[in-house]
Amino acid sequence: MIEIQGLSIFYGKRRLAYPDISVKKGEAVGIAGKSGCGKTSLFSFLLGELPDSAFSYERAELLGRDLSLWGMERFEKISYIPQFAQSALNPRMKVREHIDAVLSACGRRGSGEAEELFQKLALSEELFSRYPSTLSGGQKQRIVIALAMLKKPELLFMDEPSSAIDFITLRRILKYIWSIKGTTTILMTAHQRPFLEKAVDRIVELSEGEKCWKSEM
Ligand SMILES: Nc1ncnc2c1ncn2[C@@H]1O[C@H](COP(=O)(O)OP(=O)(O)OP(=O)(O)O)[C@@H](O)[C@H]1O
């Protein structure tokens, strides 16, 4: 699903170097490393958000195709949950409207899919009629995950799903990740190491002790 070899990302004089990363279909892989070692930048690269001059690689493939050949259609296959995803919800749209917008973008009408996802994430359907401002942080985080999964992505990218949420929400998210493991391929970062270790099959390290992996200032 993902093959990366010899990747470097450049921000001015700073070069972030990456170890080889290989993710097979159905695997859940964690990306770990000190703050600033390039976890979020890896997602930016895979999502095509970086200009061509900001990276170089020997091999970079997404779903069997060179990354340079992917355009916006990659978003039909990938769901991305960014860091601080809770703010991704539109404050003027009720939860139901968010669900309808995702289904409509996928050309589907949905028959109980959102209800099923909400149940799996321990969310009440009563929340459908609510605006984001009336939801707790943990509810918003799980709703963002439900919306991402409503797309039925082949690949799920999660950047820091464990940040700023309580223990019970973490357990619920973890249980949900376990339930989709094997059917959805997952690439995930998390500062909370115990959470990451429980969530994924294996971890790729972007740090070597106190330093970032072969990166240069
Ligand atoms: N748009 C940008 N312009 C310049 N430098 C950037 C930019 N985006 C990221 N960086 C730098 O690149 C490095 C890696 O950032 P990145 O956000 O990928 O790290 P991270 O491992 O996700 O960090 P954290 O764990 O704190 O979220 C940092 O030193 C950061 O300051």
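Residues are numbered from 1 along each chain as its sequence is written. Because the model is predicted, local features are reported at pLDDT of at least 70 and side-chain atom pairs at pLDDT 80 or more, whereas totals for chains, interfaces and linings use all residues. The mean pLDDT of the chain (the predictor's confidence in each residue, from 0 to 100) is 92, and 100% of its residues reach 70 or more. For the complex, the predictor gives an ipTM of 0.97 and a pTM of 0.93.

Secondary structure was taken from DSSP runs numbered from the N terminus, with helices being H or I runs of at least four residues and strands being E runs of at least two. Strands were considered paired if DSSP finds at least two bridges between them. An open sheet is formed by four strands in the order β4-β1-β7-β8, with antiparallel pairing. Its edges are β4 (21–23) and β8 (65–66), each of which has a single partner strand, so one side of each is left without a neighbour in the sheet. Two bridges link β8 to β7 (residues 59–62) in the antiparallel sense, and Glu61 has Asp66 in β8 as its bridge partner.

Tyr11 has Arg14 in β3 as its bridge partner. The two strands β2 and β3 form a hairpin with two residues between them, and Gly12 in the turn has a positive phi of about 60°.

Burial was assigned from C-beta atoms placed from the backbone: a residue is buried if 20 or more other C-beta atoms lie within 10 Å of its own, exposed if 12 or fewer, and partly exposed in between. By this criterion Leu63 is partly exposed, with 15 C-beta neighbours inside 10 Å. A nonpolar core is a set of buried Ala, Val, Leu, Ile, Met, Phe, Trp, Tyr and Cys residues joined through C-beta atoms within 7 Å. The largest such core has 56 residues, and Ile145, Ala146 and Phe157 have the most contacts inside it. Helix α4 gives the most to this core, with eight residues. Contacts were defined by C-beta atoms, placed from the backbone, lying within 7 Å. Neighbours within four places in sequence aside, Ala146 is in contact with Ala114, Leu117, Phe118, Leu121 and Leu123. In the loop between α4 and β10 (155–159) lies Lys152, which has a positive phi of about 55° although it is not a glycine. Lys152 is partly exposed, with 13 C-beta neighbours inside 10 Å.

Thr169, Leu170, Arg172, Ile173, Tyr176 and Ile177 are the buried residues of α5. They cover an arc of only 165° around the axis, which puts them on the same side of α5, the arc being that of the directions from the helix axis to the C-beta atoms. The face turned away from this buried side carries the exposed residues Phe167, Ile168, Lys175, Trp178 and Ser179. Elements covering the buried residues of α5 include β5 (28–32), α3 (113–120), α4 (137–150), β11 (185–189) and α6 (193–199). Gly182, which follows α5, has a positive phi near 100°.

How values were computed:
Two residues are in contact if their C-beta atoms, placed from the backbone, lie within 7 Å.
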